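This report goes through a structure one topic at a time. Please look at the sequence and the model first.

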Amino acid sequence: MSSTPKNFTNPRAKHNFTGRTVSIAGVGAYVPEKILTNAELEKLVDTSDEWITSRTGIKERHIAAKEEFTSDLATKAAERAMKSAGVTADQIDLIIVATITPDMVFPSTACIVQQKIGANRAAAFDLEAACSGFIYGLEIGQQFIMSRTYDTVLVIGAEKLSSIIDWKDRNTCVLFGDGAGAVILQNRENSHGLLTAVMGADGSKAKLLYMPGGGSRCPATPESVDARLHYLRMEGKETFKHAVQAMVSAATEAMRRCDVDITKIKCVIPHQANRRILDAVGERLGATPEQVFCNLDRVGNTSAASVAIALDEAVNSGKIQRGDLVLLVVFGAGLTWGAAVIEW
Ligand code: ACO
């Protein structure tokens, strides 16, 4: 179960005329020092450790300092990924930052990271697909390498969600945390690398999970601030249902494209939104509990950073070894979803 099955063919190879395969050459993550426990949340809103633990599985989350921004978290994760890949800043051709909490509306957080890590040659942009952003970023980064436009791409998922959380809303404030994860994508011959990625979206359900204020539709005014429009809003129950359905279907499609079944997957890394979502997705995919990676008890939902932080932890804890097949599967606002199969 732990290594690539015999007769396995990289689905990319069939349609890939450039002869390139894309490897995740290195991974890194960073979470802020400060930990916010369920016990501390009990003092902020009408909630309990018992409710949060039993309904979500979350025990604590990390919260960035006042002067610590998404770009700072992203930079720390990026530097760790570069070190793990043995890549220097001048080698990076492109930086993609997936985030819903950029430092500013513009310029992009990717440009700020470019300056902070000194990747002066790199193009840089942000992408926004909420909690699905990291898989969207992987797929976009991979396409640039497959097309021979670039050789080395830095993909980062980074969030300071504490900056858009309504600390008076017990329905949402207990769920989220801050953090960042990053990978270096590179063309590496004779490597299966990133095998396939599936992406999807359904804009008709945008209002299940959104932030009404701050954009061109509702710029900041004293009234919009008073009405608490600059905070994240979510219809939890409905979002939950769509999350399970979309994640199962994206994961199934990704495995179908690679011609592998769940028994060949060493580790399933789902978006860390809720323990009950992880259990339902794992069960419907036919995965054993041991196959499904979970770190949300310690980090909560970190949106675009979620699977990147989990991947880093799975690699560094030895749960994933070189050659293992790994299934990443995500879901978020938009609605958006995605799945990717990688040979680590
Ligand atoms: N403490 C105590 N009680 C609470 C809390 C809390 N923190 N939050 C809600 N409750 C109460 C509610 O008020 C409600 O009370 P009522 O019955 O008196 O009205 C009761 O608990 C049940 O509330 P539900 O919303 O039905 O609880 P549910 O079991 O659905 O759990 C949750 C809520 C955890 C939000 C869950 O629905 C969920 O995880 N949803 C999916 C989230 C998700 O998938 N996010 C992914 C994308 S995230 C992104 O893109 C940024």
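Is tyrosine 150 buried, partly exposed or exposed? The model is a predicted one, and in it tyrosine 150 has a relative accessible area of 23%, so this residue is partly exposed.

## Aromatic rings

One aromatic pair is present in the structure. Its members are phenylalanine 144 and tyrosine 150, with ring centres 5.3 Å apart and planes at 40 degrees, so the pair is classed as tilted. An angle under 30 degrees would count as stacked and one over 60 as edge-to-face.

Arginine 322 lies over the face of tryptophan 344, and the distance to the ring centre is 4.3 Å.

## Cysteines

How many disulfides does the structure hold? The number is zero. Cysteine 111 has a relative accessible area of 36% and is therefore partly exposed. Cysteine 131, at 8% relative accessibility, is buried, because the limit for that class is under 20%.

Cysteine 131 belongs to the loop that runs between strand E5 (123-127) and helix H6 (133-146). Its C-alpha atom is 11 Å from that of alanine 243, a residue 112 positions away along the chain.

## Helix packing

In one, helix H9 (residues 236-258) packs with helix H10 (residues 275-285) at an angle of about 40 degrees, and the axes are 10 Å apart. That angle makes H9 oblique to H10. The crossing of H9 and H10 is right-handed.

In the other pair, helix H4 (residues 70-85) packs with helix H5 (residues 109-117). Here the angle is about 55 degrees and the axes lie 9 Å apart, so H4 and H5 are oblique to each other. H4 passes H5 in a right-handed crossing.

## Cis peptide bonds

Most peptide bonds are trans. Which residues are joined by a cis peptide bond with omega of about 0 degrees? They are phenylalanine 106 and proline 107. Proline 107 is placed in the loop between strand E4 (94-98) and H5.

Another cis peptide bond links glycine 334 to leucine 335, with omega of about -10 degrees. Leucine 335 sits in the loop between strand E12 (325-332) and strand E13 (336-343).

## Positive phi values

Most residues other than glycine have a negative phi. Arginine 228 is not a glycine, yet its phi is positive, at about 60 degrees. This arginine is found in the loop between helix H8 (222-226) and strand E10 (233-234). With a relative accessible area of 28%, arginine 228 is partly exposed.

Aspartate 259 also has a positive phi, near 60 degrees, and it is a residue other than glycine. Where is aspartate 259 found? It is in the loop between H9 and strand E11 (267-270). At 70% relative accessibility, aspartate 259 is exposed, because that class covers values over 50%.

Strand E10 contains arginine 233. Its relative accessibility of 34% puts arginine 233 in the partly exposed class. Arginine 233 and isoleucine 58 are 175 residues apart along the chain, and their C-alpha atoms are separated by 19 Å.

Glutamate 313 is part of helix H12 (residues 306-316). This glutamate is partly exposed, with a relative accessible area of 23%.

Note on methods
Residues numbered from 1 in each chain as written. Predicted model: local features only at pLDDT ≥ 70, side-chain atom pairs only at ≥ 80, totals over all residues. Heavy atoms only, no water. Disulfide = S-S within 2.5 Å. Buried < 20%, exposed > 50% of the residue type's maximum accessible area, 1.4 Å probe, protein only. Phe/Tyr/Trp six-rings, centres within 6.5 Å; stacked < 30°, edge-to-face > 60°. Lys NZ or Arg CZ within 6 Å of the ring centre and 35° of its normal. Axes fitted to C-alpha atoms, helices over the stretch in contact; angles between N-to-C directions. Helix = DSSP H or I, 4+ residues; strand = E, 2+ residues; numbered from the N terminus. Parallel < 35°, antiparallel > 145°, perpendicular 65-115°, else oblique. Left-handed = near helix turned anticlockwise from the far one by under 90°.
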